[in-house]
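Here is a short tour for anyone meeting this protein for the first time. Have the structure open while you read.

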Amino acid sequence: MRLLHPLTKSDSSLIILTFWCIVLMALTGCEDNGVLDVKSIDVPEGYALSAGTSTVFKNSSYAYDTDADWVASIAANEKRFTHGDRLYDNPMNSGNGLGPVYAGYSCGSCHRNAGRTKPALWTQTGTDPDGTPVYGSGQYGFSSMLVYVTRKNGAFFQHYGRVIHDQSIMGVTAEGKLECRWHKAQFQFPDGEPYELVYPEYTVTEWYRPNYRDTDDPIRPEDLFCTVRIPLRHVGMGQMMALDHEEIEALARKSNYPEYGISGRCNYINERGRMQLGLSGNKAQHADLTVELGFSSDMGVTNSRYPEEICEGQSQMQEGSMMGLLYDKLDISTEDMEDVDYYLHGLGVPARRLGSTTTPMQYKGQTVTERQLTEIGEQRFYEAKCHLCHVTTLHTRPRGATLLNGTELPWLGNQTIHPYSDYLLHDMGSEIMGVGLNDNYVSGLARGNEWRTTPLWGIGLQEKVNAHTYFLHDGRARNLQEAILWHGGEGEASKNLFMKMDKEDRQALILFLESL
């Protein structure tokens, strides 16, 4: 080979420097495709990895809303993530696609800081004549909840569909409004300590068709099933989409513990024209992160997968036209939606916080450190058999995840993660307060009393991120202890083991959950 120019001393130095840079990159844990090596992560004292190279060491209100290192370290990744983040948070309006009816005006309106905005079910909107507080549909353009309605035979109501959209743009009538009244019941632990649980009673008011009850297809209260979903935390979304499906299906085959009444199973749903394993959603009823569905059903934003308005054929279409809405093109592009999908996949997962080694705490008359008490709580978690469903460790498949428009994310592949979930369906009972957690809503193979095991990673930061501690699908649990006490069915044995613990051990178990 002939050199065009002879090498100078500076050229030789540059070649040597480049060589050692390549060597250094290899030694610091980057593979050829830019995938980070978990061994290269410098884990700060007091933390533990939760999602491999996607773990972030945040303990603030932005703990859920921080990009993973594989995003931040690559300019092209960061650009798409930032664009998706902006689309996720920026409020929509009637000029760029919102409505005519909707539930929230942006992804971020219901998922503040990528978490779960305080649900409207706990925002008082009125008072009954007897003094009973009434909660329900939000007054500020969003409700931070989805209201599902069906007939008791599972059929949808004509002119309404599966969701009551309780918000609308100016000049358009919302489909209805939700009222919620909470019923309370008193219980006690075996040691005599009292506790209280609450159960929601729903009423749909202000139906947009005032004479609908007089038509040939009336909505009768006795034939109405109504269930509500508050937002999920957007923690570990990318890892969930990259899960090894064979491992999940193997867990389903293994999930048979007759001594504890536990027998989990997979949900399979038909999406995009084929049968797929469900992972996403309260009942594992989706095979993706529902970005396209969210834009359509939650905001009324038409797109390539859902090109029709959610109120197609209803009077709101004409009302929207009178307010200047045009229905001649899609409201958002597939490329923009994939950037939102990119943002969700690229979010880091908060590291587990092990507790202070210097903060003193009391446990059964002894002084222990916060870390020691957290470790005691972890032992009680296992003793209560919580780990049989809230599986601590799973793995992602080698190729990582694929976004809705085909983009591959290899950075999510080959990771050991700790979601504290098996992502399987479990019967959660129908007995507590006469209803349990049975909402009578079928999703795929999931019956009304079956729910996907909620991933627990990040759960201890919800109060810091979203300023509330409402849990379960409809926010009926006002704290982590109530969430445990609502466990029935396959969760009954674990709940009973928790209830039989000393108060200090119950508190230690809660402290462990708060460390996740």
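Which residue takes a positive phi just after H10? That's lysine 385, with a phi of about 65°. Keep in mind that this is a predicted model.

## Helix H10

Helix H10 covers residues 370-383, so to speak a run of 14 residues. From its first C-alpha to its last, H10 reaches 20 Å, close to the 20 Å expected at 1.5 Å a residue.

Part of H10 is tucked away: its buried residues are Arg371, Leu373, Thr374, Ile376, Gly377, Arg380 and Phe381. The cover over them includes strands S15 (352-353), S16 (360-363) and S17 (366-369), along with helix H14 (503-514).

## A four-stranded sheet

Next up is an open sheet of 4 strands, in the order S4-S5-S9-S10, with antiparallel pairing. Strand S4 (124-127) and strand S10 (194-205) sit at the edges, each pairing on one side only. On average, and ignoring direction, neighbouring strands here are turned by 40° against each other.

Take a look at S4 and strand S5 (residues 133-136), which pair in the antiparallel sense over 3 bridges. Glycine 126 has valine 134 in S5 as its bridge partner.

## Salt bridges across the chain

Searching the whole structure turns up 27 salt bridges. In one of them, the side chains of aspartate 339 and arginine 80 meet at 2.7 Å, N to O. Aspartate 339 lies in helix H9 (residues 334-346) and arginine 80 in helix H3 (residues 75-89), so this pair ties together parts 259 residues apart in sequence. Aspartate 339 is buried at 10% relative accessibility, whereas arginine 80 is partly exposed at 23%.

Another salt bridge joins arginine 265 and glutamate 450, with the closest N and O atoms 2.7 Å apart. Arginine 265 is in the loop between helix H6 (245-254) and strand S12 (267-271), while glutamate 450 is in strand S23 (residues 450-452), 185 residues apart. Here arginine 265 is partly exposed, at 29%, and glutamate 450 is buried, at 3%. There's also a network: salt bridges that share partners join Lys364, Arg380, Glu383, Asp502 and Asp505.

## Around methionine 499

Methionine 499 belongs to helix H13 (residues 492-499). Why does methionine 499 count as buried? Because its relative accessible area is 12%, and buried means under 20%.

Leaving aside neighbours within four places in sequence, methionine 499 is in contact with Gln188, Phe189, Pro190, Tyr195, Leu485 and Arg506. Glutamine 188 is 311 residues away along the chain, yet its C-alpha and that of methionine 499 are separated by 9.0 Å.

Conventions. Residues numbered from 1 in each chain as written. Predicted model: local features only at pLDDT ≥ 70, side-chain atom pairs only at ≥ 80, totals over all residues. Heavy atoms only, no water. Helix = DSSP H or I, 4+ residues; strand = E, 2+ residues; numbered from the N terminus. Expected span 1.5 Å × (residues − 1). Buried < 20%, exposed > 50% of the residue type's maximum accessible area, 1.4 Å probe, protein only. Contact = heavy atoms within 4.5 Å. Pairing = 2+ DSSP bridges. Axes fitted to C-alpha atoms, helices over the stretch in contact; angles between N-to-C directions. Salt bridge = Lys/Arg side-chain N within 4 Å of Asp/Glu carboxyl O.
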